Amino acid sequence: MVAVANAGYKAIAIDYRGYGLSEQPAEPEKGKFMDLVDDVVALLDTLGISKVFLVGKDFGAVPVNLLAVLHPNRVSGVVTLGAPFMLPGPNAVPAQYLPKGFYITRWLEPGRAEADFGRFDVKTVIKNIYTLFSSSELPAATRDDEEIMDLVDPSTPLPSWFSEEDLNAYASLYQNSGFTFALQVPYRSLGIDLGIENPQVTAPALLVMGEKDYILKFPGIEDYIRSGQVNYFVPNLETVFVEEGNHFIHEKLPQQTNELILKFLAKHHN
């Protein structure tokens, strides 16, 4: 936000409903991606903003792309980090091609992640997630009695680019929000069919992927990106692979990520 603001743009970052300092929805277990899309549109309307560039990280790329599909007149461009275009639906998680103990498969089970996380304080849960997702390998348990939090050695230090201050900040936000809605959206709502046919993001788009991002180990994902299949859904897409980038590329390599975003904004800003 500071980088784009210093370049003369106005930057807005929101805590989605159920996240951070935002209020919890009345029925968090019924949340879906379209709730987040509607929230962003409502925010733009409230602030009197007609058109924006959108930036989404990981599963945050889903509502960003959905908004661009459903409200193309509101979108000047789209930047996504660590996740290509993906439409939620029954086939969004191809469980038959994934390891049996894959973290998403485990977290789809009502109550399982809650019980797993509940054995630790919030700070430890966040540390473990950052440790797991910083790897280039898919997080997956190898035994039925092994949970995802068990995959992390408690003595593992924080990544060099993720400080104790960062950890405390994230932990305080999840201490406030809890994990209920964060498990519902994205994970447990990922299979909901949105009824969108032939989706396309027609706005200019930038996809930034780290070469060491474990997402590339999802079955078919790397070929989907590198072969250009993703361009069927996002025809005006520019894709950049960053050699030392991992799943948290914006935190590990903030200057390089900011430069890519600013270059994209300068190219497409009217």
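1. Helix H6 (residues 122-133) has 12 residues and runs 17 Å from its first C-alpha to its last, close to the 16 Å expected at 1.5 Å a residue. The expected span is 1.5 Å times one less than the number of residues. Helices (H or I, at least four residues) and strands (E, at least two) are DSSP runs, numbered from the N terminus.

2. Basis of these values. This is a predicted model: local features need pLDDT of at least 70, side-chain atom pairs count only at pLDDT 80 or more, and totals for chains, interfaces and linings use all residues. Residues are numbered from 1 along each chain as its sequence is written, and side-chain values use heavy atoms, with hydrogens and water left out.

3. H6 is mostly covered, with 10 of its 12 residues buried. Buried means under 20% relative accessible area, exposed over 50%, partly exposed in between (1.4 Å probe, protein chains only). Among the buried residues are Val 122, Lys 127, Asn 128 and Phe 133. The buried residues of H6 pack against helix H4 (103-107), H5, helix H7 (164-177) and helix H10 (249-252). At the N-terminal end, Asp 121 is the cap: one of its side-chain oxygens lies 3.2 Å from the backbone nitrogen of Lys 123.

4. The largest nonpolar core holds 71 residues. Such a core is a set of buried Ala, Val, Leu, Ile, Met, Phe, Trp, Tyr and Cys residues joined through side-chain atoms within 4.5 Å. Tyr 103, Ile 104, Trp 107, Phe 117, Phe 133, Tyr 187 and Phe 218 touch the most other members. A second, separate core has 12 residues, including Val 208, Ile 249, Ile 261 and Phe 264.

5. Look at Trp 107. Beyond four places in sequence, Trp 107 is in contact (heavy atoms within 4.5 Å) with Ala 113, Phe 117, Ile 129, Phe 133, Ile 148, Leu 183, Tyr 187 and Arg 188.

6. Asp 116 lies in helix H5. Asp 116 is buried, at a relative accessible area of 2%. What does its side chain pair with? A polar contact of 2.5 Å joins the side chains of Asp 116 and Arg 119. A polar contact is a pair of N or O atoms within 3.5 Å; within protein, one must be able to donate a hydrogen and the other to accept it, and residues adjacent in sequence count only if both atoms are side-chain atoms. The backbone nitrogen of Met 149 also lies 3.1 Å from a polar atom of the Asp 116 side chain.

7. Arg 112 is in H5 (residues 112-117). A polar atom of its side chain lies 3.0 Å from the backbone oxygen of Asp 144. Leaving out residues up to four places away, Arg 112 touches Arg 106, Asp 144, Glu 146, Glu 147 and Arg 188.

8. Ala 141 sits in strand S4 (residues 140-141). Ala 141 is buried, with a relative accessible area of 7%. Its contacts beyond four places in sequence are Gly 101, Arg 106, Glu 146, Ile 148 and Leu 151.

9. Overall, the chain has 11 helices and six strands. Buried residues make up 47% of its 270 residues. The C-alpha trace spans about 55 × 40 × 40 Å along its principal axes. Among contacts between residues at least 6 apart in sequence, 77% join residues at least 24 apart.
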